[in-house]
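Visitor: I would like to go through the aromatic rings of this model. Could we begin with the charges beside them and then turn to the ring pairs?

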Amino acid sequence: MCSIHALQSLMKPPLLLRFISSTAHSILLNPIPKPLCFHSSRRLAGAVIAMAGANSSAGGSSSDHVAGAWYSVPDLRLRDHYFTVPLDYSLDCSTCPKISIFAREVVSVGKEEQPLPFLLYLQGGPGFESPRPTEGSGWISKACEEYRVVLLDQRGTGLSTPLTASSMMQMKSPEDLTNYLKHFRADNIVNDAEFIRVHLVPDAGPWTILGQSFGGFCAVTYLSFAPKGLKQVLLTGGIPPIGSGCTADTVYSVCFEQIFRQNEKYYKRFPQDIEIVREVVTHLAEHEGGGVPLPSGGILTPRGLQLLGLSCLGSSTGFERLHYMLERVWDPIIIPGAQKQISYYFLTAYERSLDFDTNPLFALLHESIYCQGASSRWSAHRIRAKDEGKFDAMKAAKEGRPVLFTGEMIFPWMFEEIHALRPFKDAANLLAEKEDWPPLYDIDSLNNNKVPVAAAVYYEDMYVNFKLVMETASQIAGIRLWITNEFMHSGLRDGGSQVFDHLMGILSGKKPLF
């Protein structure tokens with residue numbers, strides 16, 4: 001593996017690269033210096049330490065923390081922790097509603113009682129639980145060589161008062177659900193993390209955090225409002241846009257460009273799928289109701305078919321998975337004269353690829369992760385309408401053009417066509433119009449950051465745009481970037497040990513500045 005090491009300074013606008021090899025495909029940037037300034041920033045988690053109380057026996061149980069017994073999977077020892085935390089940290093904790101937060105502690109076998117430093121993992125999403133280890137492998141195994149890893153189920157996911165398609169039906173009205181969901185963004189995820197840190201880490205000391213994708217967004221919120229709780233920060237495919245208002249329009253405008261390029265790459269790899277997808281689109285459009293029923297009770301339409309790009313265009317093996325789905329899209333004609341129809345195999349594979357039945361929180365809160373004091377107003381839907389038909393599936397099929405798949409975008413019509421989302425259509429509309437979202441980032445605090453930060457930036461990332469990442473990185477003092485096209489957005493999953501080791505090497509000084 002070759003690399004390019006680079007030095008970037010705000011005092012010298014051009015990016016100066018020192019080439020080590022003409023075949024290099026990685027870049028390492030040194031800390032980006034910041035002008036010295038003095039400020040006073042907010043601390044979202046300021047009251048959490050007092051709320052949690054003194055930590056006299058890390059890992060033990062208390063009235064708001066229950067620790068389970070150790071158990072095993074191959075090469076690892078695990079222990080479950082449940083914490084009772086406020087739904088809304090701004091209210092009196094003695095009277096406000098409570099929720100349960102789950103975290104799984106993981107160590108290498110034989111290290112249960114060793115005084116290891118803590119590392120908190122923040123999962124991507126929003127709305128997805130932490131990984132469930134089945135053996136010692138990947139980045140978790142690598143991290144457990146030196147750390148006590150904490151896998152947090154962010155509020156509303158996994159075992160942390162999960163907000164599922166069934167549990168959310170308990171809400172009496174769309175307004176009640178909207179008022180509940182507003183507490184499930186990065187700001188309160190950070191508050192939960194601080195609550196846990198004070199309970200788990202000896203003497204409530206700082207810990208290292210690793211944020212993947214949306215988990216990286218949460219990590220930047222953590223840097224903004226509770227940096228004293230952090231020893232160092234690792235980011236993988238997760239540096240957010242931090243501008244005021246709602247940055248979703250900017251995000252989707254640039255993301256559509258990358259999605260178009262991913263479609264081009266896909267069809268270049270599998271040119272036979274161009275005609276297959278066109279045939280499927282035509283079949284769906286001509287079917288009664290404009291689509292075919294899905295096993296769950298939803299409907300597959302031409303625009304719904306395009307959603308496959310969400311899980312298949314931006315991660316490793318995604319192209320292959322999409323191709324193998326499409327090669328079995330049609331049922332065989334067993335009886336002469338039988339009508340051509342889409343196979344049950346394909347319909348079930350389609351639904352499994354989307355995850356909205358098991359993780360509806362992703363669809364409900366996705367655009368809100370970009371909002372600070374402004375509404376999203378269905379940003380992806382509005383930006384898509386400006387493409388002048390480029391992503392119009394039926395128009396493409398009629399004109400003989402490749403049908404383009406879409407990416408990480410949520411559209412209002414999904415709450416009509418996807419069965420698991422239908423009950424939450426009104427709440428989704430209320431969330432899209434909500435304007436009074438609280439701040440998620442403090443630029444002054446980031447400008448004066450003192451916490452060591454290392455980030456893996458994937459040059460061809462379909463989900464987190466490279467240009468926007470670089471704009472934000474210039475605002476985080478001391479951050480060091482490893483820019484690479486060796487991995488896609490799923491780099492931590494695909495090459496976890498290598499990615500983790502590289503970022504730790506940056507922070508430890510094993511990787512030179514240039």
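**Rings, charges and pairs**

Guide: This is a predicted model. In it, Lys434 lies over the face of Trp437, at 5.1 Å from the ring centre.

Visitor: And which ring does the charged end of Arg155 sit over?

Guide: That of Phe184; the distance to the ring centre is 5.5 Å.

Visitor: Now the pairs. How many aromatic pairs does the count come to?

Guide: The count comes to 18 aromatic pairs. One of them joins Phe128 and Phe362; their ring centres are 5.8 Å apart and their planes stand at 65°, so the pair is edge-to-face.

Visitor: Where do Phe128 and Phe362 lie?

Guide: Phe128 is in the loop between β8 (118-122) and α2 (138-143), while Phe362 belongs to helix α12 (residues 361-365), so the pair ties together parts that are 234 residues apart in sequence.

Visitor: Is Phe362 buried or exposed?

Guide: Phe362 counts as buried, at 6% relative accessibility. Phe128 is partly exposed, with a relative accessible area of 21%.

Visitor: What about Phe217 and Tyr370?

Guide: Phe217 and Tyr370 form an edge-to-face pair, 6.2 Å centre to centre with 65° between the planes. Phe217 is in helix α5 (residues 214-225) and Tyr370 in the loop between α12 and β15 (371-372), so this pair links distant parts of the chain, 153 residues apart. Both Phe217 and Tyr370 are buried.

Visitor: Last topic: which residues form one aromatic cluster?

Guide: One cluster is made up of Tyr266, Tyr267, Phe270, Phe319 and Phe405.

Note on methods: Residues are numbered from 1 along each chain as its sequence is written. This is a predicted model: local features need pLDDT of at least 70, side-chain atom pairs count only at pLDDT 80 or more; totals for chains, interfaces and linings use all residues. Side-chain values use heavy atoms; hydrogens and water are left out. Rings of Phe, Tyr and Trp (its six-membered ring) pair if their centres lie within 6.5 Å; planes under 30 degrees apart count as stacked, over 60 as edge-to-face and the rest as tilted. Helices (H or I, at least four residues) and strands (E, at least two) are DSSP runs, numbered from the N terminus. Buried means under 20% relative accessible area, exposed over 50%, partly exposed in between (1.4 Å probe, protein chains only). A charge sits over a ring if NZ of Lys or CZ of Arg is within 6 Å of the ring centre and within 35 degrees of the ring normal.
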